[in-house]
Amino acid sequence: MFDAASKFHGSQLHCQRDDRLLFEQVEFEIHAGQALLIEGANGAGKTSLLRFLCGLNQVAEGELTWCGKSVSPSDRDYASKILYIGHKSGMKADLSCVENLSMLVRLDGEVADREIIEQALDQVGLYGFEDRPAGRLSAGQHRRVALARLLLQKKPLWVLDEPLTALDVQGIAWLESTIANHLAKNGMIVMTSHSVVGVNDNNLVRLPLKTGATAGIASKTEASQ
């Protein structure tokens, strides 16, 4: 279980790429057990916002706080709380599934032995693929390997960019259960997705982004009000 008192807040976030305004005055707040869904058209800055939260992009203005304390995406303590899975898996084509996951976990300062990794691959439906090179996987299998990190790294905040991409029905069902379990343990999630799985309306906060305009403030879904 993670800290039930955890709270993640962003205020007055402003992002500009070259001469184009992506978003401004973005505000959000989520608590333990909640998910933030970032919504918007292509080019609205959804991925840019996710990458900023992980320290991979910069924004021109704004503040993040974790449990009331101001943090920077470059802070090691804050970064240690985040697991980011983006569009690109970061896997190397010539390494096996086990080798790739071992590498990705080590890069995040953690360790997972082969037995634990094999168990994670089994849970995502890839039993028997442990030693297959990533370059020989389908898009859906590639995505499942990347999502296996959710089972290997115990981080309170998951940042997920379109996690349902390329998943089949079984993969979506597994992710739905995994997300629900994480939130039940007081975890938090920030994600972009065209569909929401594993999150009931009472635990879902929506953040609409509008291209080149004031984005507004995150709010609970209408069904939960």
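The following is a conversation about how terms are applied to this predicted model.

Mentor: This is a predicted model in which local features need pLDDT of at least 70 and side-chain atom pairs count only at pLDDT 80 or more, while totals for chains, interfaces and linings use all residues. Residues are numbered from 1 along each chain as its sequence is written, and side-chain values use heavy atoms, with hydrogens and water left out.

Trainee: Why are H3 and H4 called roughly perpendicular to each other?

Mentor: The axes of helix H3 (residues 97-107) and helix H4 (residues 114-123) come within 10 Å and cross at roughly 110°. Axes are lines fitted to C-alpha atoms, for helices over the stretch in contact, and angles run from 0 to 180 degrees between N-to-C directions. Angles under 35 degrees count as roughly parallel, over 145 as roughly antiparallel, 65 to 115 as roughly perpendicular and the rest as oblique. H3 and H4 are therefore roughly perpendicular. Helices here are DSSP runs (H or I, at least four residues), as are strands (E, at least two), numbered from the N terminus.

Trainee: Which residues make the contact of H3 with H4?

Mentor: Contact means heavy atoms within 4.5 Å. H3 contributes Cys97, Val98, Leu101 and Ser102, and H4 contributes Arg114, Ile117, Glu118 and Leu121. They divide into 5 nonpolar, 1 polar and 2 charged. Nonpolar covers Ala, Val, Leu, Ile, Met, Phe, Trp, Tyr, Cys and Pro; charged covers Asp, Glu, Lys and Arg; the others, Gly among them, are polar.

Trainee: Why is the pair of Phe8 and Tyr78 called tilted?

Mentor: Rings of Phe, Tyr and Trp (its six-membered ring) pair if their centres lie within 6.5 Å; planes under 30 degrees apart count as stacked, over 60 as edge-to-face and the rest as tilted. The ring centres of Phe8 and Tyr78 are 6.0 Å apart and the planes stand at 35°, so the pair is tilted. Phe8 belongs to strand E1 (residues 7-17) and Tyr78 to helix H2 (residues 76-79), 70 residues apart.

Trainee: What makes the pair of Trp66 and Tyr78 edge-to-face?

Mentor: The angle between the planes of Trp66 and Tyr78 is 70°, with 6.4 Å centre to centre. Trp66 is in strand E4 (residues 61-66), 12 residues apart from Tyr78. Ring pairs link Phe8, Phe28, Trp66 and Tyr78 into a cluster.

Trainee: How do you know that Trp66 counts as buried?

Mentor: Buried means under 20% relative accessible area, exposed over 50%, partly exposed in between (1.4 Å probe, protein chains only). Trp66 has 8% relative accessibility, so Trp66 counts as buried. Tyr78, at 2%, is buried too.

Trainee: Why is Gln119 called partly exposed?

Mentor: Gln119, in helix H4, has a relative accessible area of 40%, so Gln119 is partly exposed.

Trainee: What makes helix H1 largely enclosed by the rest of the structure?

Mentor: In helix H1 (residues 46-53), 6 of the 8 residues are buried, so H1 is largely enclosed. They are Lys46, Ser48, Leu49, Leu50, Phe52 and Leu53.

Trainee: How do you know that His182 counts as buried?

Mentor: His182 lies in helix H7 (residues 169-184). Its relative accessibility is 5%, so His182 counts as buried. Leaving aside neighbours within four places in sequence, His182 is in contact with residues including Phe2, Trp158 and Ile189.

Trainee: What is the phi of Glu162?

Mentor: Phi of Glu162 is near 50°, a positive value in a residue other than glycine. Most residues other than glycine have a negative phi. Asn186 also has a positive phi, about 75°.
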